[in-house]
Amino acid sequence: MVKKFLKIPLAIILGAALILSAVPAWAGQVDMKVQKEIEDSLVCQDNCGMILSSCENQTAEYMRKIIVDRLSRGQSKEQVMGYFVSIYGDKVLAAPPAKGFNITAWVTPFIVILAGGLLIYFVLDKWVLYAKLEKMDRESEEPKKHADLSEYEDRLEDELKKYR
Amino acid sequence: MADIGYISLVIGFVLSLYAIVGQLAGQKLGNRNLIKSAKGAVLAVAILATVASLALIYLLVTGDFSVKYVYDYTSTDLPLFYKFAAFWAGNGGSLLLWLWVLAIYTAIVTYSDKIDELTPCVSSILMGNALFFLFILAFVTNPFEKLGYMPAEGQGMNPMLQNFGMVIHPVTTYLGYVGFAVPFAFAMAALMTKNTDDRWIKITRKWTILAWMFLTLGNLYGAQWAYVELGWGGYWAWDPVENASFIPWLTGSAFLHSVMIQERKNMLKTWNVSLITITYLLTLFGTFLVRSGILTSVHAFGNSNLGMFFLVFTGLVFVASFWLIADRLPMLKGSREFESFVSKESSFLLNNLILVGIAFTTFFGTIYPLIGELFTGSRPTVSIPYFDKVNAPLGLLMILLMGICPLIAWRKSSGKNLRDNFLVPLAGAVIFAVIAYVLGLRKIYALAAFTAVAFVVVSTLSEVAKGTLVRMRMTGENPVAALGRLLVRNRRRYGGYIIHLGLIMLLAGIIGSHTYNRVEQKTLRLGETIRVEDYSLTYRNLAEGKDGKNDTVYADVAAAKNGQPLGLLQPKKVYYPTHPQPATEVAIRGSLSQDLYLILAGWENDGRATLKVLINPLVAWLWIGGYVMVAGTVFALWPGRGADVGPKYTRGV
């Protein structure tokens, strides 16, 4: 009987303890890794130009508190970022989002480098070809030069014979 | 004294005009007396710039607050060292420093008479630059402007500038920036006088390398200052002003490599002239960025109308120099023969592509907020994530090329040659990757980057070892003597290898600190401990103190690593009476493997303190690598036998 009597409050205490311990898990604690990812992706909005994770001023502190608050309420990284974009616009993001005109920010460097690479390839190809043609020219000239020399050598030989 | 300084600037302005006209007219008319007289004017400008600079230093050191510049940047309690450094703390002073360096460089070039027919032209171009700076100083931002009354106290120097790194950083950066003006002037003079052979490159080689070395130091000290003084735990934020000195460093590095092809094979003449022109234009563009306030930066001098003057000047130099290059294009045709795709020449071209590619990417990202605003109406932010993502793969390619280049022969590499040369470095890199993976290096990007680093180290050292062995075999010298003589007698080549190894150390620091850094922030009660990796930090005390006239709030934190005490750390906030925002003074315990970096982020009235703890791996290698690069540069530049370029390769040789 006593045991039965004790079981009910024990279950209530255990249940309450479980609920209390579970609350920070979904409402109080914040995944530091996600928080850092968000802070690394946002810029402090007081015109200091610094990444949020690097900035220590009051605006940065305020923004950080909002991140912690929203994460602790169970919002995802995208939702928190979306909240800041809705308030400040895209300029709060540390890198331009790859959509619309801003795609040019991401692709232009690689297009330029690729174009530079192709240019080097075609120029090199041409220069290697020039070198090959030059080599062929030299090789075709060599026997002729040799023939010319032998002609002179023969003539010299003939003339020398006259004096012998 | 202020009047002496200002009059020096005005007379300097007039004399620089005379120096330009006199030298150009003298050369045109063949009037040597006129040239000699104009050369005297160049010397006079150097002396007048020195007088003006010393006058400003005197005013700063003696605290004459009736001069606006002294009032704006100093205060009576400022240590003498920083009063002196205030010379370049503001717009006017820093431009005067630029002028001073430029005027001295111009005098040296003018009187060294390396190529008689080029010198008047070179000197005139440099004087043209000096004329611009003298105009700005005399008529736009006069550092000797008077307030008309004598304030009892000055406004003081920005606390963030009161750091040794910030004292050295501007000087070295300017020595680099101005240094690139010399090869640029020689290149333009060569085009103007139609002397388009490679003499200008040979003459300016030392100037170029010195400028590059100072710019390296400038970037290095800038990074050190940011790491220690800005208190955010990093050293490079891809800030527009940081980028402004990094971009010409990249194009300057590309130029140092591509001129070797012109020296050896008489090729790439147009490219080399264009590259040094772009490098010099980028130094001007960097100055425009710093002075205009057009982009947000923690380093900028603030908004001023100076930006417009620099923009116009940069535009004029751009148009004039590229018009000249276009006009002389037929004279810039060199040899057009590459024997093979697989040659050192080709690898240098790839190296140029990557270096200029990174420069372009950084430039494009820096100005993209303006482009974005132009096309979309709102200004996007382009910061660390963008530059890291876009430049990282290019950086990895760059590292690989640093390992590949020394292994490939000039002119042509045969299959056997490639097999023989690549076997050891590739094997070394693979062994390193396996060991690193087994030891726990599991992040794929870090593993790839460190493996590339290992490849470069083995490739460079194997080249040195090969050279030493050949020398031992041929001369019978012992290994130490053979190595020593090999290095000393080929200083240019092995100086370059030392620079590569230094750069690799620096890159290892960047890779390590980017991929394995750790941050923790926690609010602690007195006596509470925070543990981060092997470190434990116990918050002992929060107190107020005095640092001269400044109030400080500091925390005493007992640090230990694996239970071994590291001592007491004191991160603090410093409150300067002359500045509204407190400065963060971080506490750093550094070692070769990692830095423990502690920031006092905040505190509560009940005595709780918020500490931000960063573990930054391998940061020390950044600074060590930078100094090794400088040592390699000095080694390569040291005069005497061994400092010359290798043989010129011509057909049939």
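This is a predicted model: local features need pLDDT of at least 70, side-chain atom pairs count only at pLDDT 80 or more; totals for chains, interfaces and linings use all residues.
To find the two helices, look for H9 at residues 199–230 of chain B and for H19 at residues 619–637 of chain B. Their axes lie 10 Å apart, at an angle of about 165°. Angles over 145 degrees count as roughly antiparallel, and H9(B) and H19(B) are therefore roughly antiparallel to each other.

Now look at the side of H9(B) that faces its partner. Lys206(B), Ile209(B), Met213(B), Thr216(B), Leu217(B), Leu220(B), Ala223(B) and Gln224(B) are the residues of H9(B) that meet H19(B). On the H19(B) side, they are met by Leu622(B), Trp623(B), Gly626(B), Met629(B), Val630(B), Thr633(B), Ala636(B) and Leu637(B). Sorted by class, this contact between H9(B) and H19(B) contains 11 nonpolar residues, four polar ones and one charged one.

With that pair in view, step back to chain B as a whole. Its secondary structure comes to 19 helices and 10 strands. The radius of gyration of chain B is 27 Å, close to the 26 Å that the globule rule gives for 653 residues, so chain B is as compact as a globular protein of that length. Along the principal axes, its C-alpha atoms fill a box of roughly 80 × 75 × 60 Å.

What share of the 653 residues in chain B is buried? Buried residues make up 53% of them.

Technical notes
Residues are numbered from 1 along each chain as its sequence is written. Chains are lettered from A and ligands numbered from 1 in the order in which they are written. Helices (H or I, at least four residues) and strands (E, at least two) are DSSP runs, numbered from the N terminus. The radius of gyration is taken over C-alpha atoms; the globule rule is 2.2 Å times the number of residues to the power 0.38. A residue is buried if 20 or more other C-beta atoms lie within 10 Å of its own, exposed if 12 or fewer, and partly exposed in between; C-beta atoms are placed from the backbone. Axes are lines fitted to C-alpha atoms, for helices over the stretch in contact, and angles run from 0 to 180 degrees between N-to-C directions. Angles under 35 degrees count as roughly parallel, over 145 as roughly antiparallel, 65 to 115 as roughly perpendicular and the rest as oblique. Two residues are in contact if their C-beta atoms, placed from the backbone, lie within 7 Å. Ala, Val, Leu, Ile, Met, Phe, Trp, Tyr, Cys and Pro count as nonpolar, Asp, Glu, Lys and Arg as charged, and the others, Gly among them, as polar.
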